[in-house]
Amino acid sequence: MLRTLRIPFSATKHLPSRCCSGFVSRTRYVNQLKEDDEACLAALQNGHVFLFHHLRPLLQPTKTGTLRPAALVTPDVQSFLERLGSNPSLLKESVLIGCSEQNQAQFCLDVGELDQAAVEEACTGNFMDLGKSLFLLTGEEAPLLTKGQALLRWHQTSRFCSATGQLTQRNQAGSQRVCPSNGIVYYPKMSPVVIVLVSDGKQCLLGRQSSFPRGMYSALAGFCDMGESLEEALCREVAEEVGLEVLSISYSSSQHWPFPHSSFMLGCHATVSPTHTQLQVDHAELEDARWFSVEEIRSALK
Ligand SMILES: NC(=O)c1ccc[n+]([C@@H]2O[C@H](COP(=O)([O-])OP(=O)(O)OC[C@H]3O[C@@H](n4cnc5c(N)ncnc54)[C@H](O)[C@@H]3O)[C@@H](O)[C@H]2O)c1
Ligand SMILES: [Mg+2]
């Protein structure tokens, strides 16, 4: 059986935004801050901080009536933290998420230990569910919040060494945690997931899980198993979920997906033989799977 992985040139359209020549220097600056705790602490003093409350980001209204993530300057954050009687070292729990085009380091901080309403009043904003926020934000701002939430969640749920049970210590950037007794270094974890639009040349295959909102169908998806290639995971998932054999694969693009934990979604197209399209749906995984014509997809997207 022929199974090929083709990376089309169009994948370049998904490269990160690099509108000015500072991309390399910003990238290296962020990398340096991950390595150097003192430099990272100094950058925090002059940086921008995005606040979360129990992993829900703070959004502020703009003059045009839209919402934006609140990029607060550190002295302002420090002063209202003091005013609200927070632990003085709370600011140091910020995690580094990037660097703006104005060369300002960007951090996230979860202030879940403080009274939510008091923080919202001090910052003239509201903490919102991340899933809902993503429908309200522009493409450029949403990834900052998903990255920040994922990193904050990882620190909140990965505090102990799985070999010794001891509390691990994070570096200032929050890019790793180290066990003080055996030196094991832990890095933020993502699970690779393949998501695939299967086609027989005329129709495409979509499925739905019983947990999806009514009427929603999506491309097939599944977690990669240990030791599998992307291609192997894709062929296994399609075989498991709908009982079809894939003939060819092309990679499309990738995306970090924060729900329910951090997944690294690898988007692909795949073809099956137009003479072997009979589905055998595994109802333990999918409530339904169906072939859809181009016209049906067009009218659903409208
Ligand atoms: N169409 C879709 O299903 C769709 C669309 C968009 C995003 N996603 C995301 O893709 C991810 C995977 O999709 P799925 O649920 O269909 O996967 P799946 O088909 O692999 O089935 C999920 C099951 O796989 C097992 N599993 C194996 N490795 C796992 C891991 N690292 N983490 C959690 N469970 C693991 C668990 O038993 C789990 O119940 C989900 O997180 C989902 O949010 C899926
Ligand atoms: Mg699945």
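This is a predicted model: local features need pLDDT of at least 70, side-chain atom pairs count only at pLDDT 80 or more; totals for chains, interfaces and linings use all residues.
A polar side-chain atom of Trp257 lies 3.3 Å from an oxygen atom of the ligand. For Phe223, a backbone N or O atom is 3.0 Å from a ligand oxygen. The protein covers 60% of the 810 Å² of accessible area that ligand 1 has on its own (Shrake-Rupley method, 1.4 Å probe).

Residues are numbered from 1 along each chain as its sequence is written, while chains are lettered from A and ligands numbered from 1 in the order in which they are written. Local features need pLDDT of at least 70, side-chain atom pairs count only at pLDDT 80 or more, and totals for chains, interfaces and linings use all residues; side-chain values use heavy atoms, leaving out hydrogens and water.

The shell around ligand 1 holds 18 residues, each with a heavy atom within 4 Å. Gln209, Ser218, Ala219, Phe223 and Glu241 come nearest. By class, the shell has 10 nonpolar, 5 polar and 3 charged residues. Here Ala, Val, Leu, Ile, Met, Phe, Trp, Tyr, Cys and Pro count as nonpolar, Asp, Glu, Lys and Arg as charged, and the others, Gly among them, as polar. Two or more shell residues come from each of β12 (191-199), β14 (220-223), α7 (230-242) and β16 (263-271). Helices (H or I, at least four residues) and strands (E, at least two) are DSSP runs, numbered from the N terminus.

Ligand 1 takes the space of the second largest pocket; more than half of its atoms lie within 2 Å of the grid points. A pocket is an open set of points on a 1 Å grid over the protein atoms alone, with protein on both sides within 12 Å along at least five of seven lines; lining residues have an atom within 4 Å of a point. The lining has 36 residues, and Ile195, Ser218, Ala221, Trp257 and Met265 lie nearest the centre. β16 gives the most, with 6 residues. The lining divides into 20 nonpolar, 12 polar and 4 charged residues.

Phe259 also takes part in a cis peptide bond to Pro260, with omega near -15°. Pro260 is in the loop between β15 and β16.

Note on methods:
A polar contact is a pair of N or O atoms within 3.5 Å; within protein, one must be able to donate a hydrogen and the other to accept it, and residues adjacent in sequence count only if both atoms are side-chain atoms. On a 1 Å grid over the protein atoms alone, a cavity is a set of points where a 1.4 Å probe fits but cannot get out, and a pocket is an open set with protein on both sides within 12 Å along at least five of seven lines; lining residues have an atom within 4 Å of a point.
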